[in-house]
Amino acid sequence: MNHDIFKIIPSVNVLLELPEIISLMEEFPRKTVLESIRKKLDEIRKITPSDKIDDLFITNGDKYSFSIQGFISYIAESLKKSIPKTHEHAINATGVILHTCLGRAPLSKNAAESAGKISGGYTTLEIDKESGKRMSRYRHIQSLITTLTGATDSLLVNNNAAAVLLALDTLANGKEVIISRSQQVEIGGSFRMPDVMKKSGSLLVEVGTTNRTNIADYRDAISENTGLILIVHPSNYRIIGFTSFPDIKEIAALGKEYNIPTLYDLGSGAMVDLRRLNVAYEPTVQESVDAGIDIVTYSTDKLLGGPQGGLILGKKQYIDLLKKNPLLRALRVDKMTIEALDATLRLYINDEKAVNEIPILKMMHTSMEEIERRIIRFKDKIVESTGSFFNLNIVDGFSEIGGGSCPAAPIPTRLLLLSSEEISANGISKALRLNSPPIFGRIEKETTRLDFRTVICDHEEDDIANALINIAKNGKQTP
Ligand SMILES: *Cc1c(COP(=O)(O)O)cnc(C)c1O
């Protein structure tokens, strides 16, 4: 190859003056843009006569020219890849309502708006406007929680794992914690109750058997070194058959008798009775407080349907101790979380409003007929635009609550089954995931399955339709 062609490559200085490169410098650090240009130029200059010529050279007979536009696109692409944006809006067509990998509970419209609005300015987070004095950030949701649950005091931390850790560390460090053998829970993502207890410095005292524990087992395990009686809701599994477990009221009474605090890790924490929504029974927060349990903890992004957080409700004497624990400083929540939770909890003042405006609760009681109606409309649109590219079928199936809640309570649904002679189910699913916005479905028996129960709005349905139309357009080119 004639090395004279290198003379037509513009210098770094010339490239840096190009308006397109200047505008890239507004998006990316100047240093990174410069490095990227230098690197590509070095690469081009290293081409030896035996190499394939770089595709930035355009041949015209035996003349070469250099494609500036091509070079700019290359630099823009490589800069985009150097700082990829991996956190983006996604569409959940899996039918798993609380999908931890997809961010658990989507917020209600008013909660998302409130959190967005308040975070753009200063807030009264830790100040009282009447006295001008510093106040606790935990006071904000206090009266709402008291009104809704009957608990006398509350505290909010980053998640339920933090709530349990804080409670154990405060009340049972160096002391014994009595727990039923049937409740040595592991929650997905490495929350193992025995490990958390070890971390908090408390000593595990297991009572009962895997399937049966009675109140006498708890009573017999009490010693002068008992710090806490712990109940853990088996939120992601069920033990069925020959089983028994005392009423939580009995455990609360036992704690009172010996002056030992009782803690109920409720995990998912329903604030309404899910049977109203045609979902299986889950213990509610209010019931646990009414039973006389001293401290109840639960996630705010599971069945409550709010932002990530861990609520701790209970008797003032214990919550006061938790508030004094220096560990709390490491677990404290941000103003956005407080605002989003406040807005979500306000919906529970009227149950009817809660079940219709909190997305995850609304999804639970969307009827099969409604889902079928949406799928048929969608299917017609796809057939109209893509002809016979896809085999489309509507069948019965199940949605799931997910997020380690209600493991034995699948919700009947209607599914859209999707396959094609031209492209495999893996190919379709991958193309959907790589769509903008990414779309997540399920694959079973070599077909892609879309559940519209978790697809939030018409706009998301349009996005899925457009993605499928594109897949059909690209046809066999897609892997
Ligand atoms: C989900 C869950 C946890 C962990 O809650 P996070 O909010 O995810 O930290 C702990 N205990 C139980 C019983 C749970 O269900």
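Leaving aside residues up to four places away in sequence, serine 399 touches Gly95, Pro410, Ile411, Thr413, Asp451 and Arg453. The model behind this picture is a predicted one. Serine 399 itself sits in strand S14, which runs over residues 391-402. With a relative accessibility of 0%, serine 399 counts as buried, because the cut-off for that label is under 20%. One of its touching partners also takes part in a polar contact: the side chains of serine 399 and aspartate 451 pair up at 2.7 Å.

Then there is the ligand. It is surrounded by 13 residues, and the closest of these are Ala161, Ser235, Asp265, Ser299 and Lys302. By kind, the shell splits into four nonpolar, six polar and three charged residues.

Aspartate 265 uses its side chain instead, where an N or O atom is 2.8 Å from a nitrogen atom of the ligand. Lysine 302 also takes part through its side chain, with an N or O atom 2.8 Å from an oxygen atom of the ligand. As for cover, the ligand on its own has 380 Å² of accessible area, and the protein covers 94% of that. Two elements give two or more residues each to the shell around the ligand, namely helix H7 (160-172) and strand S11 (262-267).

Terms used. Residues are numbered from 1 along each chain as its sequence is written. This is a predicted model: local features need pLDDT of at least 70, side-chain atom pairs count only at pLDDT 80 or more; totals for chains, interfaces and linings use all residues. Side-chain values use heavy atoms; hydrogens and water are left out. Helices (H or I, at least four residues) and strands (E, at least two) are DSSP runs, numbered from the N terminus. Buried means under 20% relative accessible area, exposed over 50%, partly exposed in between (1.4 Å probe, protein chains only). A polar contact is a pair of N or O atoms within 3.5 Å; within protein, one must be able to donate a hydrogen and the other to accept it, and residues adjacent in sequence count only if both atoms are side-chain atoms. Contact means heavy atoms within 4.5 Å. A residue is near a molecule or strand if one of its heavy atoms lies within 4 Å of it. Accessible areas come from the Shrake-Rupley method with a 1.4 Å probe; for residues, only the protein chains shown count as cover. Ala, Val, Leu, Ile, Met, Phe, Trp, Tyr, Cys and Pro count as nonpolar, Asp, Glu, Lys and Arg as charged, and the others, Gly among them, as polar.
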